[in-house]
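Hi,

Here is the structure I promised to pass on. Have a look at it first, and then read my notes below.

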Amino acid sequence: MRRLLTVLSLASLSLAGSALHAQEQVLNLYSARHYPTDEALYADFTKATGIKINRVDSDDAGIVTRLKAEGSASPADVILLVDAARLWRGEVDGLFLPVRSKVLEAAIPTQLHAKPKEDGGIAWFGLSTRARVVVYDKLKVNKQDVDTYEKLADPVNKGRFCVRSGSHPYNLSLFGAMTEHLGPAQTEAWLKGLVANMARSPQGGDTDQIKAVASGECGVALTNTYYLARLMRSSNPADKAVMARVGVVFPNQQSWGTHVNVAGGAVARHSKNTTQAVKFLEYLVSPAAQNHFANGNNEWPVVKGLGLDNPALQTMTGGNFKSELVPISAVGMNQIKVQQMLDRVGFK
Ligand code: FE
């Protein structure tokens, strides 16, 4: 009898064990990142932990729509998005599970993750950073006239300014940061000045703005740094010609610093594998993963003190630059206020 019991309990143990094992083996990752280099990163995680990554690719909006449609039946464990405004929206919409992790909290500067909840749980974590910088036509524009965000609204830049839609998350985040620096009244006046200086109605993406500066259609424009890095690393002669014509400024180096945005990650609200999901996010802040993760899209690691082996980013900054220190969570929170200002000043 005793023997039978032992056999039985061993059998049930191994059953429970294999069920647990099966559950532990796969993490469902909903990712808005589409960089081939990320593949190697996920493979390394699987090698180290035995946990497979099952990736669902979409853009930020597609992922959010899918999570909402799936509700509590969602199989998602980890979510990767590429902008602070969208991460904040996901948090407000209740798509993320706030978690505590000593590793993540020690690795990521406070201003680059969500504001902790009352119990200390954090809804999302910045994992890489990109700066929103100024590009200008070196033939027609003086660098001193465009070396701060404020100057882009000065009359000297009338008829020069180009930008993608004001409502795009990258701009909502920049304008949300400006609201933190200048206050709402001054920010709205600044936005009005930008509209008055436009060379054309907002259109296209950031790369289109860089090309329009190189063609002479625009004198000055805004772009995220990784679009510039892509052109700088391109072997296409047309791209080389573009980069020969445009100058790059990291604005506000003498004041609060250049606006920095994040790409980041979160544990999905209805994940059944939260321990492993946190483990995966912790893996992404390890030094090797950070460099790889950030370099996959020519971004900067969030973890400080890592050697950066990206020649385009080195060339762009001359090694270092001053970035603003406003909490990226506050920036995301301002986006509704900013959208109302854009509507009032006629910023398309
Ligand atoms: Fe982008």
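**What I found**

Serine 234 sits in the loop between α9 (225–233) and α10 (237–245). Keep in mind that this is a predicted model. With a relative accessibility of 15%, serine 234 counts as buried, since the cut-off for that is under 20%. Leaving aside residues up to four places away in sequence, serine 234 touches Asp239 and Lys240.

On to the rings. There are ten aromatic pairs in the structure. One of them is formed by phenylalanine 175 and tryptophan 190, edge-to-face, with 5.6 Å centre to centre and 80° between the planes. This pair links distant parts of the chain, 15 residues apart: phenylalanine 175 belongs to helix α6 (residues 169–182) and tryptophan 190 to helix α7 (residues 184–197). Both phenylalanine 175 and tryptophan 190 are buried. Elsewhere, Tyr42, Phe45, Phe280 and Tyr283 are joined into a cluster by ring pairs. There's also arginine 33, which lies over the face of phenylalanine 293, 3.5 Å from the ring centre.

Then have a look at helix α15 (residues 335–345), where Gln335, Val338, Met341, Leu342 and Val345 are buried. Down the axis of α15, these buried residues fall within an arc of 115°, so they line one face of the helix. The buried residues of α15 pack against α4 (84–92), α6, α7 and α14 (328–333). Exposed Asp343 and Arg344 are on the face of α15 turned away from its buried side. Just after α15 comes glycine 346, with a positive phi of about 75°.

Cheers

Conventions. Residues numbered from 1 in each chain as written. Predicted model: local features only at pLDDT ≥ 70, side-chain atom pairs only at ≥ 80, totals over all residues. Heavy atoms only, no water. Helix = DSSP H or I, 4+ residues; strand = E, 2+ residues; numbered from the N terminus. Buried < 20%, exposed > 50% of the residue type's maximum accessible area, 1.4 Å probe, protein only. Contact = heavy atoms within 4.5 Å. Phe/Tyr/Trp six-rings, centres within 6.5 Å; stacked < 30°, edge-to-face > 60°. Lys NZ or Arg CZ within 6 Å of the ring centre and 35° of its normal. Arc of directions from axis to C-beta.
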